[in-house]
Amino acid sequence: MASSVDPRFGVALRHFRERRGLSLRSLGQLAHRSKSHLHELEAGLKAPMVDTARHLDRVLGAGGVLARLVDAPVDHVAEAGELRARVAASDVSGDVLERIEQGTDDLASSYPTLTPVDLLPLVRRHLAYVGRLLDGRVTLAQRRRLLVAGGWLAVLRATVHIDLRQRTAAAAHVRAARDFAEHAEHAEIQAWCLETRAWAGLTQGDYRAALDLSEQAQRVAPRGSSARIQATAQEARVWARLGDVGATRRALDRVERLTANLPVPERAEHHYRYDPAKAAAYTATTLAWAGDPGAEQVARAVLGDLDPRGDGGARPRRSASARLDLGLALVAAGQPDEAVALGAEAVASGRVVPSNWWRAVELLTKVEQTGVPEAAMLRDLCTEYTLGQRPPADRTTG
């Protein structure tokens with residue numbers, strides 16, 4: 001009759017056999033046992049007799065180890081307790097995880113106000129810390145939380161690199177964010193990765209790729225998520241750059257439906273939480289790019305809300321972009337003088353990030369085409385900005 005078996009018996013048997021340099025067939029010949037029987041013992045498919053274990057001890061010179069494993073009763077409670085302890089083992093406290101997640105939200109909320117050059121090192125340090133924790137001992141639940149935080153930080157870092165026109169670095173960190181998101185099975189981060197790539201394509205003039213990516217993002221994004229709304233708004237902007245006013249309007253209508261009755265998020269400045277107030281700003285940008293006559297009215301309202309005192313407001317980067325949007329709308333409406341003044345204010349603020357610089361250049365080109373003398377002043381400002389403030393176009397170590 002077979003005794004209870006320690007699950008380590010098969011492992012020990014294989015260890016002693018291989019230490020002697022024996023194959024299963026060779027051991028079978030020495031021990032007068034079949035190869036298949038020995039295989040079943042090693043694989044834990046069959047419980048050995050005590051006599052068999054003692055015999056194998058003698059043949060292999062195992063010093064009674066195999067027999068003791070057979071004689072010893074299995075302590076199921078102890079084994080289960082060891083497994084439970086392994087599952088719960090972690091070098092990361094709950095407080096540390098909460099601080100990481102809070103810090104990630106803080107950085108995403110700083111995006112509209114901090115310059116890309118100032119924000120980048122903060123994101124890098126936070127992301128490196130997440131990476132170090134992932135190398136340590138964490139539970140499965142903690143690992144997923146770290147992967148999610150890492151995904152948000154990596155896609156934010158990619159966005160900052162896009163703002164700095166560092167394309168190689170941006171592409172690398174989008175891929176990293178996608179890997180984080182896939183391992184965490186986080187659909188919204190996956191959608192933001194696609195949306196971020198769409199924005200990069202838009203700023204680089206690759207409109208067809210940007211359109212495809214924005215449509216992919218909408219398919220991947222969870223229903224009602226900020227990523228789906230943003231990707232739809234991105235699609236509208238791409239259609240505007242392609243000159244299809246009808247498609248632009250249809251996409252904007254979808255954005256309006258998606259944001260209808262949408263509550264203001266707890267942290268409206270958070271880059272990855274859609275603020276319904278953004279809808280008007282996106283509409284202004286999109287209509288201005290499409291050359292729609294309705295752009296001026298919308299753009300004036302947006303600028304009035306963002307910067308009522310003319311000092312840049314609480315979101316100076318958005319204010320600078322709103323001035324460029326209104327400037328483009330005014331050129332189209334035959335008011336280049338005011339367009340030049342708005343463009344100058346935007347450039348002089350220092351808040352036009354490199355990835356948006358093409359928008360300032362576009363406004364300059366259009367006002368120069370009107371022949372207005374004030375355009376020379378705007379060109380001088382743009383030249384000063386280009387020479388003194390714009391960072392290198394690409395720097396993979398950034």
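Visitor: How much space lies in the largest cavity?

Guide: About 600 Å³. Keep in mind that this is a predicted model. A search of the whole structure turns up one cavity of 30 Å³ or more.

Visitor: Which residues lie nearest the centre of the largest cavity?

Guide: Look for Tyr111, Arg237, His271, Tyr282 and Arg318. They belong to a lining of 30 residues.

Visitor: Which helices supply at least two residues each to that lining?

Guide: Trace α9, α11, α13 (226-242), α15 (278-290), α16 (295-306) and α17. Helix α17 has the largest share, with five residues.

Visitor: How do the lining residues of the largest cavity divide by type?

Guide: Twelve are nonpolar, nine are polar and nine are charged.

Visitor: Now the pockets. What is the volume of the largest pocket?

Guide: A pocket is open, while a cavity is a space that a probe cannot get out of. The largest pocket has a volume of about 380 Å³. Its lining has 21 residues, and those closest to the centre are Arg167, Ala200, Gly201, Thr203 and Gln204.

Visitor: Which helix gives the most to the lining of the largest pocket?

Guide: That is α10, with six residues. At least two residues each come from α10 (167-184), α11 (187-203), α12 (207-220) and α19 (357-370). By type, the lining holds ten nonpolar, four polar and seven charged residues.

Visitor: What lines the second largest pocket?

Guide: Its volume is about 210 Å³. The lining includes Glu101, Asp105, Arg145, Trp152, His270 and Arg273. Helices α7 (94-110) and α9 (140-163) each supply at least two of the lining residues. The lining divides into five nonpolar, two polar and five charged residues.

Visitor: Let me try a single residue. Is Ser109 buried or exposed?

Guide: Start with the cut-off: under 20% relative accessible area means buried. Ser109 has 7% relative accessibility, so Ser109 counts as buried. You will find Ser109 in helix α7.

Visitor: What is Ser109 in contact with, leaving aside its neighbours within four places in sequence?

Guide: Arg267, Glu269 and His270.

Visitor: Where does Gly334 lie?

Guide: Gly334 is in the loop between α17 and α18 (336-348). With a relative accessible area of 57%, Gly334 is exposed. From Gly334 to Val367 is 33 residues in sequence, but 9.8 Å in space, C-alpha to C-alpha.

Visitor: How do I read a helix that has buried residues?

Guide: An α-helix has 3.6 residues a turn, so residues three or four places apart point the same way. Now take helix α3 (residues 35-42). Its residues His37, Leu38, Leu41 and Glu42 are buried. They cover an arc of only 135° around the axis, so they sit on the same side of α3.

Visitor: What covers the buried residues of α3?

Guide: The cover includes α1 (9-19), α2 (24-31) and α4 (50-60). Look just after α3 as well: Gly44 has a positive phi of about 75°.

Visitor: What is Leu363 in contact with, leaving aside its neighbours within four places in sequence?

Guide: The contacts of Leu363 are Leu324, Gly327, Leu328, Val331, Ala339 and Gly343.

How values were computed:
Residues numbered from 1 in each chain as written. Predicted model: local features only at pLDDT ≥ 70, side-chain atom pairs only at ≥ 80, totals over all residues. Heavy atoms only, no water. Buried < 20%, exposed > 50% of the residue type's maximum accessible area, 1.4 Å probe, protein only. Helix = DSSP H or I, 4+ residues; strand = E, 2+ residues; numbered from the N terminus. Arc of directions from axis to C-beta. Contact = heavy atoms within 4.5 Å. 1 Å grid on protein atoms, 1.4 Å probe; cavity = no way out; pocket = protein on both sides within 12 Å on 5 of 7 lines; lining within 4 Å. Points joined across faces, edges and corners; volume = space filled by probe spheres on them. Nonpolar A, V, L, I, M, F, W, Y, C, P; charged D, E, K, R; others polar.
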